[in-house]
Amino acid sequence: MDASERQYSLTKDAFNRLVANKLAIIGLVVIVLLILVAVFGPLLTPYDFLSQDLTERNAPPSAKHWFGTDDLGRDILSRVIYGARTAVIVAFSVTILSFLIGIILGSIAGYMGGKVDSFITWLIDITMSVPSLLIVIVINVSLKPTLVNWMDAQFMATHNEFWRNTIIVDFGIVFGSLALIKWPKAARLIRGQILSIRNKNYVIAAKAIGVPTPKILTSYVIPNAIGPIIVLFSATLGEAMVLESSFSFLGVGVRPPMPSWGNMISDGLRVWQVYPHILAAPAIVLGIVTIAFSFLGDGLNDALNPRQWK
Amino acid sequence: MGKYIVGRLLRWIPSIFILLLLIYALVFFGAGDPIKLIFLRAPGDVAYDEARIEAIRESAGLNRPFPVQFGDYISHIIRGDFGNSLVSGRSVNEMLSAAVPVTLQIGLTAVFFLALIGILLGVIAALNQNKLIDNLIVGFALFIWGIPVFVSGPLIIVFMVMVIGADIPYGWSGLFSPKVIVPLLVLGLNPMALIIRQARAAVLEVMSEDYVRTARAKGLPSQIVVFRHMLRPVLIPVFSQLGLIVINTLNNSILIEKVFGLPGLGRLTESAIKDSDYPVILAIVLIFSIVVMLSNLLVDIMYPLLDPRAEYKRKGGEE
């Protein structure tokens, strides 16, 4: 067979288009590196992210401390690496959680139609048009102290070490509240995909000749619906990461001493005129990661949504 | 049209009511006792004097059941009274009337310029499709789309002060002071990416339309083709993003007003969050929702004027 006439599968075709896009590949490499750093974080950090060296406070970058140290003499590189852990954990949990909600509500709306559909669509519209950042802030500010106090009381009563893990509460509320504002996009997408694919001729034809439903789903519906879902998944990962650092920047997200790039930037802003390196490291790293997501998202969009081709 | 607007407003009121109820409930059941919150900050040990706390609560009507208090709150809001701040004791109305104009001026100016520059860049990119300048503009849009404002803002300040040696753009002295240029830039950049991409895609789509080809074929200069035949179809998708841009700008103002020392809504929100000043937070949630709702309504009203096909469809016509 002539090379130019060789047939490619859907995935191979999309993959080829993605690889041809240099910016997308750069983005992908940065994100894979970020995930690796997050997973193997404790093995990579030169110092403990909490250990303070008060003789070396606010030290500029050097061979000993690549990114310098902060106002408590903590190694900034180690803190940035642990910040990557926070960012990746939050991004994946929020994205998976919001997609779970979105898939459930979106497919209910798409399949049931009628009143259920209009109710869910109304819910989606409302959630998308409220000032989401503020809502999440209110949830965090009002629930977190109460829950933490409650856990303290439990610890005093039972002396069970479990109640000391207030980080779980911190992360739990951040995940939950973020997923609460992130699900509508997923739900709307899934609903739209179900509505449009269900009535496509090839699905109707497959049904008519008696193809079993699981086979219809795996061979026709999912391959045709998956493209935009992957694009949205990658975009949501990036957005969740930015939101997490926004909240920590405002002081309502993940709380110190747990490092997050957001609270590191907020700390750095107080002293940047004297010690700019404290601000620079987390700000530049967060900037690079968000740009990487933007590049990858664009590349995925071009590769997986060939109908948008111009 | 009037009937349509009233209908929209009527549908919006229940959702805003539910939103306020949810937040009020969160604060009421989640955040704990407002009296205690006030006196924990005040001098003296009042916060630990149960009898006095109870007396104050009694006199402020805070020991009434939840529905009564919420109803009271709503009836005050309807009369335009947002209550008093828990921290300073000042009236929230006063705090808002000081803060809203600052954010409003900066936000509107930023949206205006970002739309103008964004459309221009998008059109230029599309007219030079796949040439170097197109790639540069698209790359620029991708670049600025990702960066959060609390990263770009500080980095621009550090760059200005350390490299150029400029003064720190801090504080507010009116819209026409050069200090607002950097905050405007930072607020505008992020949503501008959206406008560039929308405008570029729209121009590319319109360029393949028959009437544009005809205009070109009959020898119209390309500037006239762009302005007379393309501008309107390009403005529609850009305009439809207004709601998203407004939400974006409001959210971003919370994040950057602190950085630039602007005494606007964002700054007020930030300090209210830090102090758990719930009357202020509730008022801001309401204002933000009203602004977002109004901008969505504006889009819906203006849309048929820009694109008569939409009006036709809404009245039940077939496409």
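Helices here are DSSP runs of H or I with at least four residues, strands are runs of E with at least two, and both are numbered from the N terminus.

This is a predicted model: local features need pLDDT of at least 70, side-chain atom pairs count only at pLDDT 80 or more, and totals for chains, interfaces and linings use all residues. Residues are numbered from 1 along each chain as its sequence is written, while chains are lettered from A and ligands numbered from 1 in the order in which they are written.

### Exercise 1

Describe the crossing of α5(B) and α6(B) and its contact residues.

- Step 1. Take the geometry. The axes come within 8 Å and cross at roughly 140 degrees. Axes are lines fitted to C-alpha atoms, for helices over the stretch in contact, and angles run from 0 to 180 degrees between N-to-C directions.
- Step 2. Assign the hand. The crossing of α5(B) and α6(B) is left-handed. That term applies if the near helix is turned anticlockwise from the far one by less than a right angle; clockwise is right-handed.
- Step 3. List the residues. α5(B) brings Leu121(B), Ile124(B) and Ala125(B), and α6(B) brings Ile133(B), Asp134(B), Ile137(B) and Val138(B). Contact requires C-beta atoms, placed from the backbone, within 7 Å.
- Step 4. Sort them. Six are nonpolar, none polar and one charged. Nonpolar covers Ala, Val, Leu, Ile, Met, Phe, Trp, Tyr, Cys and Pro; charged covers Asp, Glu, Lys and Arg; the others, Gly among them, are polar.

### Exercise 2

- Step 1. From α9(A), Glu244(A), Ser245(A), Ser246(A), Phe247(A), Ser248(A) and Phe249(A) meet Trp261(A), Gly262(A), Asn263(A), Ile265(A) and Ser266(A) of α10(A). This contact holds four nonpolar, six polar and one charged residues.
- Step 2. Check burial. Nine of the 11 residues of α10(A) are buried, so this helix is largely enclosed by the rest of the structure. A residue is buried if 20 or more other C-beta atoms, placed from the backbone, lie within 10 Å of its own, exposed if 12 or fewer, and partly exposed in between.
- Step 3. Find the partners. The buried residues of α10(A) pack against α4, α9 and α11 of chain A, and also α7 and α11 of chain B.

### Exercise 3

Work out what surrounds α12(B), residues 265-274.

- Step 1. Eight of its 10 residues are buried, including Leu265(B), Arg267(B), Glu270(B) and Ile273(B).
- Step 2. The buried residues of α12(B) pack against α6 and α9 of chain A, with α5, α11 and α13 of chain B.
- Step 3. Look past the end. Ser276(B) follows α12(B) and has a positive phi, near 50 degrees.

### Exercise 4

Characterise the side of chain B that touches chain A.

- Step 1. Count the residues. In chain B 39 residues are in contact with 36 of chain A.
- Step 2. Find the leading element. α13(B) gives the most, with eight residues.
- Step 3. Sort this side of chain B by class. It has 29 nonpolar, eight polar and two charged residues.

Note on methods
Contact = placed C-beta atoms within 7 Å.
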